[in-house]
Amino acid sequence: MKFLPKISLNFSFSFKKLFKNFFLFLAGLTLGAFLFMPWEVAWSQAFKLADAKISKASIQWGDFISAGPFSFEVTNVNVKTRKGLTITVPQLGVSLGFSPLVEVRVNTGPTLTARLFQTKSLTFGGGVDISKLVQMEGLGGKVRITADVGFPNWGAPPHTGSLLVHSDMVEIPGGMTAEDVSVNAILAGQQFQLNSFSCGQPIPVTAKGSATLDWKQLPNSSYNITGTTTFGETERQFSKSGKLSKFINF
């Protein structure tokens with residue numbers, strides 16, 4: 001009786017190993033391209049797309065200080081509206097992640113940081129130099145800001161919020177200067193409540209008020225405000241109401 005040697009064929013194993021090595025090579029190639037591609041070019045394209053999509057404003061930007069797959073720092077970002085308002089950010093930083101989802105840093109000397117979280121909340125903290133941020137003759141001063149906003153759903157208008165603003169000095173167009181400016185306000189649904197506003201010299205003012213916000217057409221929102229001003233030793237009451245379109249004209 002003849003015995004034949006047993007031959008084991010491992011073609012299936014060899015093919016599996018071949019495919020495994022191929023996919024590892026492909027993954028490594030993709031990761032290498034992802035990590036070492038010129039990300040400043042990709043972010044520039046994102047700015048160009050935003051500029052093309054926003055019909056009521058134009059966007060210009062300077063040089064990228066740094067750029068990666070999830071963050072960038074860019075200089076001299078200018079946003080100009082059709083009605084002539086120009087917003088300038090000397091240095092803008094953006095980071096993407098999980099907590100927060102997005103962090104935006106506006107550096108105008110002091111830095112204002114905005115963070116968006118998965119809880120549908122947006123926080124602000126830090127300060128801005130108004131003269132560098134808003135291009136308007138006679139407007140200036142450094143302002144410290146603490147604020148938070150809560151959203152019921154992504155893409156919906158905010159339904160809760162708070163705002164604290166303080167500045168030692170704000171320059172107002174027309175050659176006036178307001179000292180020790182302070183604002184305290186809250187938001188609940190469509191109701192914006194100005195709990196307190198105050199400023200010192202040259203004309204001390206204290207005020208409070210409210211606004212009913214129209215989120216679809218914000219300039220159509222109505223407001224009312226009451227307060228007192230002091231001229232020397234004389235204190236005068238004032239009361240005003242109307243539409244926000246008087247102040248919002250972007």
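Strands here are DSSP runs of at least two residues, numbered from the N terminus. By that definition, aspartate 180 lies in strand E10. I will come back to that residue at the end. What we have on the screen is a predicted model, so please keep that in mind throughout.

First, the overall picture. The protein has three helices and 14 strands. It has 250 residues, and 27% of them count as buried. The accessible surface is about 16800 Å², with 62% of that belonging to carbon and sulfur atoms. If you take contacts between residues at least 6 apart in sequence, 29% of them join residues at least 24 apart.

Now helix H2. This helix runs over residues 39–53, which is 15 residues, and spans 21 Å from first C-alpha to last, close to the 21 Å expected at 1.5 Å a residue. Which residues of H2 are buried? They are Trp39, Trp43, Ser44 and Phe47. Looking down the axis of H2, these buried residues fall within an arc of 140°, so they line one face of the helix. As a reminder, an α-helix has 3.6 residues a turn, so residues three or four places apart point the same way. On the face of H2 turned away from the buried side, you find the exposed residues Leu49, Ala52 and Lys53.

The largest nonpolar core has 25 residues, and the members that touch the most others are Phe47, Phe72, Val74, Leu92 and Ile145. At least two residues of this core come from each of H2, strand E3 (71–81), strand E4 (86–96), helix H3 (130–133), strand E8 (142–150) and strand E10 (176–188). In soluble globular proteins, nonpolar side chains tend to be buried together. Take leucine 92 as an example. Beyond its neighbours within four places in sequence, leucine 92 is in contact with Phe47, Phe72, Glu73, Val74, Val77, Val104, Arg105 and Val106.

Next, the aromatic rings. How many aromatic pairs does a search of the whole structure find? The search finds five. One of them is tryptophan 43 with phenylalanine 72, a tilted pair at 4.7 Å centre to centre with 45° between the planes. Tryptophan 43 sits in helix H2 and phenylalanine 72 in strand E3, so this pair ties together parts that are 29 residues apart in sequence. Both tryptophan 43 and phenylalanine 72 are buried. Phenylalanine 72 also pairs with phenylalanine 64: the ring centres are 5.9 Å apart and the planes at 70°, so that pair is edge-to-face. Phenylalanine 64 is buried as well. Ring pairs link Trp43, Phe47, Trp61, Phe64 and Phe72 into a cluster.

Some individual positions now. Threonine 113 lies in strand E6, residues 111–117. Is threonine 113 buried or exposed? The cut-off for buried is under 20% relative accessible area, and threonine 113 has 13%, so it is buried. Setting aside residues up to four places away in sequence, threonine 113 touches Glu103, Val104, Arg105, Thr123, Phe124 and Gly125.

Proline 90 is in strand E4 and is partly exposed, at 28% relative accessible area.

The bond between serine 99 and proline 100 is a cis peptide, with omega about 5°. Leucine 101 is partly exposed, with a relative accessible area of 22%. Its contacts, again leaving out residues up to four places away, are Ser95, Leu96, Leu116, Phe117, Gln118 and Trp154. Leucine 101 and lysine 120 are 19 residues apart in sequence, and their C-alpha atoms are 9.8 Å apart.

There is another cis peptide bond, from glutamine 201 to proline 202, with omega near 5°. Proline 202 is in the loop between strand E11 (191–199) and strand E12 (205–212).

Last, backbone angles. Lysine 120, in the loop between E6 and strand E7 (121–129), is not a glycine but has a positive phi, near 65°. Lysine 120 is partly exposed, at 24%. And back to aspartate 180 in strand E10: its phi is also positive, about 50°, although it is not a glycine. Aspartate 180 is partly exposed, with a relative accessible area of 45%.

Notes: Residues are numbered from 1 along each chain as its sequence is written. This is a predicted model: local features need pLDDT of at least 70, side-chain atom pairs count only at pLDDT 80 or more; totals for chains, interfaces and linings use all residues. Side-chain values use heavy atoms; hydrogens and water are left out. Helices (H or I, at least four residues) and strands (E, at least two) are DSSP runs, numbered from the N terminus. Buried means under 20% relative accessible area, exposed over 50%, partly exposed in between (1.4 Å probe, protein chains only). Contact means heavy atoms within 4.5 Å. Accessible areas come from the Shrake-Rupley method with a 1.4 Å probe; for residues, only the protein chains shown count as cover. The expected span of a helix is 1.5 Å times one less than its number of residues. The arc is that of the directions from the helix axis to the C-beta atoms. A nonpolar core is a set of buried Ala, Val, Leu, Ile, Met, Phe, Trp, Tyr and Cys residues joined through side-chain atoms within 4.5 Å. Rings of Phe, Tyr and Trp (its six-membered ring) pair if their centres lie within 6.5 Å; planes under 30 degrees apart count as stacked, over 60 as edge-to-face and the rest as tilted.
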